[in-house]
Amino acid sequence: MITRRSPFLQENMMIAAARLEPGADAAAPWQRQLSGAIRDPRQLLERLGLDARLLDGARAGHVLFEVRVPEAYLARIARQAPDDPLLRQVLPLEEETRSAEGYVLDPLEEAQHRPARGLIHKYAGRVLLIASPACAVNCRYCFRRHFPYADNSPSRAQWQEALDYLRGDDSIHEAILSGGDPLAASDRQLGWLVGELEAIPHLKRLRIHTRLPVVIPDRVDDALLGWINATRLQKVMVLHINHANEIDQTVVDACTRLKKAGVTLLNQSVLLRGVNDNVATLAALSERLFEAGILPYYLHVLDPVQGAAHFDVPDDEARTLVSRLRSHLPGFLMPRLVREVSGEASKTPL
Ligand code: SF4
């Protein structure tokens, strides 16, 4: 049994709202959806008409990493379908409490690469900034489900250490906003941070790793597009979508708004048992991504994070799947199958 309680249970949404700058923005529609997300396993089961016998397992997983599902995502999950591929990503299970050999709290050993609070520097030329500790959805396979966000959520004053680090290293050309989900921070907070970043002359690109435009498409509102349009930095958004059913018309519309603002849209997926571990599903995902204006980028094998072993697809099976996928798709719709290995200078192709 896993006994360590997730730091997600210790943090709350107040951290996300207050870290960069005191004083709250008036709640935008997406923020109301965020705070109204389902956080109770029983409610999730009832809303989807699922068997109450799933509740004990759901509660056991929820204790380790709380359930969080916003309404806009819930609307894409089929009712009375325990194997729905979107539900599998968000429903806590008893399996999460089981230990598995090689599955650890910090599979990417990110703790070793933090020269400043809120900043991770693993790869040459780019750094990752933890812009928000919160997510709009809690994905059960998340490799940061045990990340110590409380220790890595700088206030505006505390960001100076990370910004000084960036100013002092002119080999860094790209800042990656990550989290949690960086777009869970308010636009006033993000606008301030991006303003500080674009004042650093050697920074060229702003990359945003986010799932929010997928799970709450209303996040792509005028306030977000305001600071995105205003920055001199080149903009890349790496979305996280694992199944074609996640892309409904609201997501397509959000992507259209982002593309009009000059954002390059890429997608990274995780290969997950019971979600997308077959050729037809992966091919449909790539096709649907392209229809929405998004290019497939990476297909990650699962990071061995404690509590997620039931999602694993062995390497040999992953290679076979991708090899067969190649005969179904043009090259530009093929994601690269990779693993993130601690200490390596880049992602490792499989
Ligand atoms: S949105 Fe990303 S960071 Fe948040 S729980 Fe899901 S995979 Fe993890």
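The dialogue below takes up some labels and the values behind them.

Reader: What kind of model is this?

Author: This is a predicted model.

Reader: Why is Gln80 called exposed?

Author: Gln80 has 9 C-beta neighbours inside 10 Å. The label applies at 12 or fewer, so Gln80 counts as exposed.

Reader: Where is Gln80 placed?

Author: Gln80 sits in the loop between α5 (71-74) and α6 (85-90).

Reader: What makes the backbone at Gln80 worth a remark?

Author: Its phi is positive, about 55°, and Gln80 is not a glycine. Most residues other than glycine have a negative phi.

Reader: What about the peptide bond from Gly179 to Gly180: cis or trans?

Author: That bond is cis, with omega near 20°. Most peptide bonds are trans. Gly180 lies in the loop between β3 and α8.

Reader: Which residues are around the ligand?

Author: Gly179 and Gly180 are among them.

Reader: Why is Gly307 called buried?

Author: Gly307 has 27 other C-beta atoms within 10 Å. Buried needs 20 or more, so Gly307 is buried. Gly307 lies in the loop between β7 (295-300) and α13 (315-325).

Reader: How far apart are Gly307 and Gln189?

Author: They are 33 Å apart in space, C-alpha to C-alpha. In sequence, 118 residues separate Gly307 and Gln189.

Reader: What puts His146 in the buried class?

Author: The count for His146 is 22 other C-beta atoms within 10 Å. The cut-off is 20 or more, so His146 is buried. His146 is in the loop between β2 and α7 (159-167).

Reader: What is the separation of the C-alpha atoms of His146 and Phe290?

Author: It is 33 Å, with the two residues 144 apart along the chain.

Reader: How do you know that β2 and β3 pair?

Author: β2 (residues 126-132) and β3 (residues 174-179) share six bridges, in the parallel sense. Pairing requires at least two bridges, so β2 and β3 pair. One of the bridges joins Ser132 to Gly179 in β3.

Reader: What links β3 to β4?

Author: Four bridges join β3 to β4 (residues 205-210), and the strands run parallel. Ile176 has Arg207 in β4 as bridge partner. The chain crosses from β3 through α8 (residues 187-198) to β4, and this β-α-β crossover is right-handed. Glu174 stands opposite Arg205 in β4.

Reader: What is the strand order of the open sheet?

Author: The order is β1-β2-β3-β4-β5-β6-β7-β8-β9, nine strands with mixed pairing.

Reader: Why do β1 and β9 stand at the edges?

Author: β1 (119-120) and β9 (348-349) each have a single partner strand, so one side of each is left without a neighbour in the sheet.

Reader: Which residues have the most contacts inside the largest nonpolar core?

Author: Leu129 and Ala136 do, in a core of 84 residues. β2 gives the largest share of this core, five residues. Nonpolar side chains tend to be buried together in soluble globular proteins.

Reader: What does Leu129 touch, leaving out residues up to four places away in sequence?

Author: Leu129 touches Gly118, Leu119, Ala162, Ala175, Ile176, Leu177 and Ser178.

How values were computed:
Residues are numbered from 1 along each chain as its sequence is written. This is a predicted model: local features need pLDDT of at least 70, side-chain atom pairs count only at pLDDT 80 or more; totals for chains, interfaces and linings use all residues. Helices (H or I, at least four residues) and strands (E, at least two) are DSSP runs, numbered from the N terminus. A crossover is right-handed if, with the strands pointing away from the viewer, the path from the first strand over the helix to the second runs clockwise. A residue is near a molecule or strand if its C-beta atom, placed from the backbone, lies within 6 Å of it. A nonpolar core is a set of buried Ala, Val, Leu, Ile, Met, Phe, Trp, Tyr and Cys residues joined through C-beta atoms within 7 Å. Two residues are in contact if their C-beta atoms, placed from the backbone, lie within 7 Å.
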